[in-house]
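Work through the exercises below with the sequence and the structure open. Try each task before reading its solution.

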Amino acid sequence: NELALRASERIYRTLAENQPDHITRYDSQCRITYMNPSLEKVLGITLSQVLGATPLEKGPNPIFEELQNRLHAVIASGQSDQIELELPDTDPQREPRYHQVTMVAERDAHENIIGALAIGRDITAMVQAERRLAESHARLRELMAQRETDLDEERRRIARELHLSLIHI
């Protein structure tokens with residue numbers, strides 16, 4: 001049984017530590033108990049720097065306040081939740097990164113809620129693509145409006161010329 005438990009632990013660690021998504025485990029008080037290497041890289045911190053801390057203890061930031069409030073709700077209700085977070089890049093020269101985080105309650109063998117698991121995915125490329133698409137749509141609307149204005153002006157000019165040519169006949 002001990003051997004099976006060790007094998008299961010090794011499988012879990014291999015999955016969690018090589019996952020490109022960001023994984024964080026929180027206890028029932030929203031204190032961090034685990035953070036995978038992917039999230040360490042994104043945040044530019046190590047698990048040892050935040051172990052036992054709540055999101056708000058990372059810094060007074062409305063993003064972390066919202067995350068902590070949502071985690072409390074997941075732990076209290078057992079209902080999953082999802083949030084999009086805008087986080088500064090570890091390189092201050094680059095744009096912020098956007099992450100979609102799904103939070104689920106973790107339960108013990110008796111189905112009691114013992115904490116929450118948060119799995120985040122970097123959706124920066126998708127957010128940037130959506131922005132470019134919205135900008136393209138706005139530009140297209142501007143061009144179409146300008147085209148309509150130009151067409152109206154051309155129609156008025158032709159009507160004036162026709163009117164003038166009819167008067168001179």
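Predicted model: local features only at pLDDT ≥ 70, side-chain atom pairs only at ≥ 80, totals over all residues.

**Exercise 1.** Find how many cavities of 30 Å³ or more the whole structure holds, and state the volume of the largest cavity.

Solution. Step one: a search of the whole structure gives one cavity of 30 Å³ or more. Step two: the volume of the largest cavity is about 170 Å³.

**Exercise 2.** Describe the lining of the largest cavity by residue, element and class.

Solution. Step one: 15 residues line the largest cavity, and those nearest its centre are Thr 24, Leu 39, Leu 67, Leu 85 and Val 101. Step two: the elements giving two or more residues to this lining are helices H2 (37–43) and H4 (62–77), together with strands E1 (22–27), E3 (81–87), E4 (97–107) and E5 (113–122). Step three: sorted by class, the lining has 10 nonpolar, four polar and one charged residues.

**Exercise 3.** Locate Cys 30 and Glu 111, give the phi of each, and decide whether each is buried or exposed.

Solution. Step one: most residues other than glycine have a negative phi. Step two: Cys 30 is not a glycine, yet its phi is positive, about 65 degrees. Cys 30 sits in the loop between E1 and strand E2 (32–35). Step three: Glu 111, in the loop between E4 and E5, also has a positive phi, near 70 degrees. Step four: buried means under 20% relative accessible area and exposed means over 50%. Cys 30 is therefore buried, because its relative accessible area is 0%. Glu 111 is exposed, because its relative accessible area is 53%.

Definitions and conventions: Residues numbered from 1 in each chain as written. Heavy atoms only, no water. 1 Å grid on protein atoms, 1.4 Å probe; cavity = no way out; pocket = protein on both sides within 12 Å on 5 of 7 lines; lining within 4 Å. Points joined across faces, edges and corners; volume = space filled by probe spheres on them. Helix = DSSP H or I, 4+ residues; strand = E, 2+ residues; numbered from the N terminus. Nonpolar A, V, L, I, M, F, W, Y, C, P; charged D, E, K, R; others polar. Buried < 20%, exposed > 50% of the residue type's maximum accessible area, 1.4 Å probe, protein only.
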